[in-house]
Amino acid sequence: MSQLIIENLTKTVGEKTLFKNIAFTVISGEKVGLLGINGTGKSTLLSIIAGVEQADSISAEHPNRYRIVYLPQEPEIDPDLTVMETVFKSDAPIIKVNLEYEYALQALSADPESTLNQEQYSKFQIEMDDLSGWDINSKARTILSKLGIETFDKKMGELSGGQKKRVTLAKVLIEPADLLLLDEPTNHLDVDSIMWLSDYLKNEQGAVIFVTHDRYFLDELSTNIYELADKTLYAHTGNYGNYLESKAIRAEMAASTDDKLRNRYRSELKWIRRGAKARSTKQKARIDRFDDLSEKVKKEDTGGEMEVALKSTRLGKKVIEAVGISKSFGGRKIIDNFSSILQSGDRIAVVGPNGAGKTTLLNMFSGESQPDSGIIDKGTTVKIAHFQQHTPIMDEKKRIIEYIRDTSNDIEGADGVRISASQMLERFLFPTQAHGTPIGKLSGGERKRLYLLKLLMEQPNVMLLDEPTNDLDLETLSVLETFIDTFPGVVITISHDRFFLDRTSTKLWVMDGSGDVDTWFGIYSDFLETYVPKEKVAHEPIVEVEIPVQQETKKKMSYAEKKEYETIESAIENVEKSIEATEAEMASTGSDYDKLRELTATLDELNGKYETLIERWSFLQELNKS
């Protein structure tokens, strides 16, 4: 079992220290989700581990021949290489021979009579046999297909930005690696590809550290969570749901914690659980136990996660009506005779595979493009904010407070109280000391967050969101979700992020690229489990089969289990008290990071014990009911 040990890692960019003397160990098989708000250094950390960027100080220990493979957020590509040449561009011998084989195959196909071409082809066939390279060749083609890339001889320069990212993702996935570093691998992937990628990475024998905004993907894949905050790295055992539960419990225990912050963890945890397919009795008992614990807390929940509710421009009775709109590109009709009436309070998700026409539909509603036929009629009071996939060009010398004040110096909240531009920046996770920072010093995610805030400061009553989750950190997404909860107008969203759509949409427009736009009521996760495309219904008749019901033999409690059941609740309470004491000690530790790491490890161990006791309590409770 190989491992990477990092100690004393410090990195400063300009005047800002991203992290100081952090340490962690990654073991083979671990799948580590890396969290932190934009600007805390997630991408920088991956880049340092990959050896692309230098740290101020670092101590790294790993076995000889330890191989790290890295997918940056914005991979560099050679536009003149084909898809297959890009995928097989590597210093790994087994992949290099695949590239040579591809070249030999192309040459032979172009001139099959050439003796030299025949010899070269035979030579590399033998090398492929010797190195067992055929598996890699087949694997590359399979991965490309799963990621929606079907044309392997196309030049990279001819691909869209999303296609380029998917090709480079395929490239790192076929590389032999002890550690995979993936920066936003789910960007530009549709839901099927994201689910496939999760299953694929679960089976990787090596370790994976990944940054993602997709919380279902994060919850499904991660075995550990690393959180960058306050120049420190905090390590948590378990998946994203475990991390949320741990933070929620800590917030419940801490008397000084803001109620709204506690609620955010609890709300997000609820939706993580909502997204799980299985709903066993044992899981339900565990959820009930967690809810019971919440009721014991002295400070009661007050609702709302962050006060981001703003007063929007008044929306009249007439919003937007689309009547028989159609649109074609290159002879292919992507929207055919679509009609819909938007009403105040609508929360609509536009879903479908890449290339189905989702962005085109949004552009027609915003007025940036026109339908080939049909009309889009907008009410006189409609004020649209269109959040586009790509952040617009910003003046890099302008300070962020000036950028927001160009839109408005203050804004009216839903309660009628005026909120300054500076206060809004703080609510969107830009601390006061950062307000004078030039835009040029912001990360890509921070710029996108600033762009989002500028749109909201315009006080729209219709919001069109095109892939808002790409490159935004989870904290910002939580703020945006909360804002949408209280927004009285219309929100139409394009996203492949299942969690975000579940949280923000109650109606779907389903596009498949054929021109049809189906309307489906409900949340996206339910749609994925139950929706059947219309063309399949006629070919797959339902056959009712009567299944005999078997009587389940109920297991009775043994004497030892009865005794255990009588004492397990007190054992749980004791662990809860230990957790509370450890958290109190952590709160008083100050800047003693060595002590903090030690206490964090203790807390993770206690949380693990707590999880085990809760599972056992659930099992015994069910037996007791029998």
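Asn21 is partly exposed, with a relative accessible area of 34%; here buried means under 20%, exposed over 50% and partly exposed in between, for a 1.4 Å probe and protein chains only. The model is predicted, so local features need pLDDT of at least 70 and side-chain atom pairs count only at pLDDT 80 or more, whereas totals for chains, interfaces and linings use all residues. Residues are numbered from 1 along each chain as its sequence is written, and side-chain values use heavy atoms, with hydrogens and water left out.

**Backbone: positive phi**

- Asn21 has a phi near 55°, a positive value in a residue other than glycine, and is found in strand S2 (residues 16-27); helices (H or I, at least four residues) and strands (E, at least two) are DSSP runs, numbered from the N terminus.
- Asn8, in strand S1 (residues 3-13), likewise has a positive phi, near 50°, and is partly exposed at a relative accessible area of 44%.
- Most residues other than glycine have a negative phi.

**The six-strand sheet**

- An open sheet of six strands with mixed pairing runs in the order S14-S17-S18-S12-S19-S20, where two strands pair if DSSP finds at least two bridges between them.
- Strands S14 (384-387) and S20 (517-521) stand at the edges with a single partner strand each, so one side of each is left without a neighbour in the sheet.
- From one strand to the next, the twist averages 15°; axes are lines fitted to C-alpha atoms, for helices over the stretch in contact, and angles run from 0 to 180 degrees between N-to-C directions.
- S14 pairs with strand S17 (residues 462-466) in the parallel sense over four bridges, with His386 opposite Leu464 and Phe387 opposite Leu465.
- Helix H12 (residues 358-366) packs on the sheet and touches S12 (347-351), S14, S17, S18 (490-494) and S19 (507-511), and its direction makes about 155° with that of S17; contact means heavy atoms within 4.5 Å.
- S17 and S18 pair in the parallel sense over five bridges, and Ile494 in S18 is the bridge partner of Asp466.
- Five of the five residues of S17 are buried, so the strand is largely enclosed by the rest of the structure.
- Val462, Leu464 and Asp466 point one way from S17, while Met463 and Leu465 point the other way.

**Nonpolar cores**

- The largest nonpolar core has 77 residues, and among those touching the most other members are Phe88, Leu144 and Leu450; a nonpolar core is a set of buried Ala, Val, Leu, Ile, Met, Phe, Trp, Tyr and Cys residues joined through side-chain atoms within 4.5 Å.
- Helix H15 (residues 444-457) gives the most to this core, with seven residues.
- Not counting residues up to four places away in sequence, Leu450 touches Ile400, Tyr403, Ile404, Leu425, Phe430, Ile439 and Leu442.
- A second, separate core of 26 residues includes Val319, Ile348, Val490 and Val517.

**Aromatic rings and charges**

- The whole structure holds 13 aromatic pairs; rings of Phe, Tyr and Trp (its six-membered ring) pair if their centres lie within 6.5 Å, with planes under 30 degrees apart counted as stacked, over 60 as edge-to-face and the rest as tilted.
- Tyr101 and Tyr121 form a tilted pair, 5.6 Å centre to centre with 35° between the planes.
- Tyr101 in helix H3 (residues 93-110) and Tyr121 in helix H4 (residues 115-130) are 20 residues apart, and both are buried.
- Tyr101, Tyr121 and Trp134 form one aromatic cluster.
- The charged end of Arg449 sits over the ring of Phe430, 4.6 Å from its centre, and that of Lys454 sits over the ring of Tyr403, 4.4 Å from its centre; the criterion is NZ of Lys or CZ of Arg within 6 Å of the ring centre and within 35 degrees of the ring normal.
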